[in-house]
Amino acid sequence: MDLCNKVAIVTGAASGLGAATCRLLAEAGAKVVGVDIDVTKLKCLEQEVGKAAITRVANVADEDAVRAVIEAAVDTFGALHIAVNCAGVVDAAKTVSKGQPFPRATWDKVIGINLTGTFNVIRLAALAMMKNAPEGESGERGVIINTASGAAWQGQVGQAAYSASKAGVMGLTLPVARDLAEHGIRVVSIAPGMFDTAMAAALPEKVLGSIVERMILYPNRMGRPAEFAGLVRHIVENSYMNATTISLDGGARISTR
Ligand SMILES: NC(=O)c1ccc[n+]([C@@H]2O[C@H](COP(=O)([O-])OP(=O)(O)OC[C@H]3O[C@@H](n4cnc5c(N)ncnc54)[C@H](O)[C@@H]3O)[C@@H](O)[C@H]2O)c1
């Protein structure tokens, strides 16, 4: 799909991978609707990107709020062609710690945002994309890109909820792509390794240093948000990419501890 004058919603737009994606899609000629719960950072993004972007404060897990975002995209820019799910949280706890079981509220929050929130956006965005006229040789109407994680299959201590949520994102990729193929909508997920964002910065410096030093194969550094955004752009533009999860991780393999 050619990005020029296409309309994209990007969740988690206020920070890290989502913000880099908004910048690159706008640079490539798309109109962008940035969605997040962080009002202040969203305002900065809107100022930076200018007329090519609007932003909306919405929780991705909230049905009415996401419907309103999609309506705003269509009202402002005329259609919706691309949805990029980057909103996510990484709250961690051990299954049992100091005599206490994993807090149910933490489980519900992580699954609610990372998995249910992703699917909430997918289903409502797909409904809007189906209204587009088919484009090009393959009659494309839309592209949906989700963010999984290497933790989907290599979760660390404390990551039961996070890993389950990201394995869920990977798991839904194929069936949703199968559901939407007849409508000309592709679905691809990206599984990032360790990227240099606020989420990674929340880790203790020692832990971060040890991950980069011992677990990332080559190049021996964290991923850059612009590299994630570059893959999003490629997925949109490459019409033969569908129904798969792509690792973007410098060959990282997470060790047991
Ligand atoms: N940074 C990494 O190393 C890494 C690795 C693998 C996967 N990921 C995934 O990439 C995605 C982006 O992460 P990031 O590193 O840019 O993190 P980040 O913390 O910089 O950005 C995440 C954004 O999501 C927003 N958000 C959180 N809950 C939300 C909700 N309910 N509704 C709307 N927005 C919400 C936050 O406000 C924040 O702006 C996440 O899904 C994360 O799990 C990140």
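Me: Which residues does A152 touch, not counting residues up to four places away in sequence?
Reply: In this predicted model, A152 sits in the loop between strand 7 and helix 5. With residues up to four places away in sequence left out, the contacts of A152 are S163, K166, A167, M170 and A191.

Me: Is A152 buried or exposed?
Reply: The place of A152 is in a loop, between strand 7 and helix 5. A residue is buried if 20 or more other C-beta atoms lie within 10 Å of its own. A152 has 22 C-beta neighbours inside 10 Å, so A152 counts as buried.

Me: How far apart in space are A152 and R23, C-alpha to C-alpha?
Reply: In sequence, A152 and R23 are 129 residues apart. In space, the distance between A152 and R23, C-alpha to C-alpha, is 27 Å.

Me: What is the order of the strands in the open sheet of seven strands?
Reply: The pairing in this sheet is parallel. Strand 3 (53–57) and strand 9 (244–248) each have a single partner strand, so one side of each is left without a neighbour in the sheet. Neighbouring strands are turned by 20° against each other on average, direction ignored. The order is 3-2-1-4-7-8-9.

Me: Which residue of strand 2 is the bridge partner of I9?
Reply: Strand 1 (residues 7–11) and strand 2 (residues 31–36) are paired in the parallel sense over five bridges. For I9, the bridge partner in strand 2 is V33.

Me: What angle does the direction of helix 1 make with that of strand 1?
Reply: Helix 1 (residues 16–27) packs on the sheet. The strands touched by helix 1 are strand 1, strand 2, strand 3, strand 4 (82–85), strand 7 (142–147) and strand 8 (185–192). The angle between the directions of helix 1 and strand 1 is about 165°.

Me: Why is strand 3 largely enclosed by the rest of the structure, and which residue of strand 3 does G34 stand opposite?
Reply: Four of the five residues of strand 3 are buried, so strand 3 is largely enclosed by the rest of the structure. Five bridges join strand 3 to strand 2, and the two run parallel. In strand 3, the residue opposite G34 is T55.

Me: Through which helix does the chain cross from strand 2 to strand 3?
Reply: Strand 2 and strand 3 run parallel. The β-α-β crossover between them is right-handed, and the chain passes through helix 2 (residues 39–49).

Me: How many residues of strand 7 are buried?
Reply: In a regular strand the side chains alternate between the two faces of the sheet. G142, I144 and N146 point one way from strand 7, V143, I145 and T147 point the other way, and all are buried. The count of buried residues in strand 7 is six of its six.

Me: Which residue of strand 8 stands opposite V143?
Reply: Strand 7 pairs with strand 4 in the parallel sense over four bridges, and I82 stands opposite V143 in strand 7. Strand 7 is also joined by six bridges to strand 8, again running parallel. In strand 8, V143 stands opposite R186.

Me: Which residues does I144 touch, not counting residues up to four places away in sequence?
Reply: I144 lies in strand 7 and is buried. Leaving out residues up to four places away in sequence, I144 touches A83, I122, A125, A126, I185 and V187.

Me: Is K98 buried or exposed?
Reply: K98 lies in the loop between strand 5 (96–97) and strand 6 (100–101). Phi of K98 is near 50°, a positive value in a residue other than glycine. K98 has 5 C-beta neighbours inside 10 Å, so K98 counts as exposed.

Me: Which peptide bond is cis, with omega near 0°?
Reply: P219 is found in the loop between helix 7 (205–215) and helix 8 (225–237). The cis bond is the one from Y218 to P219.

Methods
Residues numbered from 1 in each chain as written. Predicted model: local features only at pLDDT ≥ 70, side-chain atom pairs only at ≥ 80, totals over all residues. Contact = placed C-beta atoms within 7 Å. Pairing = 2+ DSSP bridges. Axes fitted to C-alpha atoms, helices over the stretch in contact; angles between N-to-C directions. Buried ≥ 20, exposed ≤ 12 C-beta atoms within 10 Å, placed from the backbone. Right-handed = clockwise from strand over helix to strand, strands pointing away.
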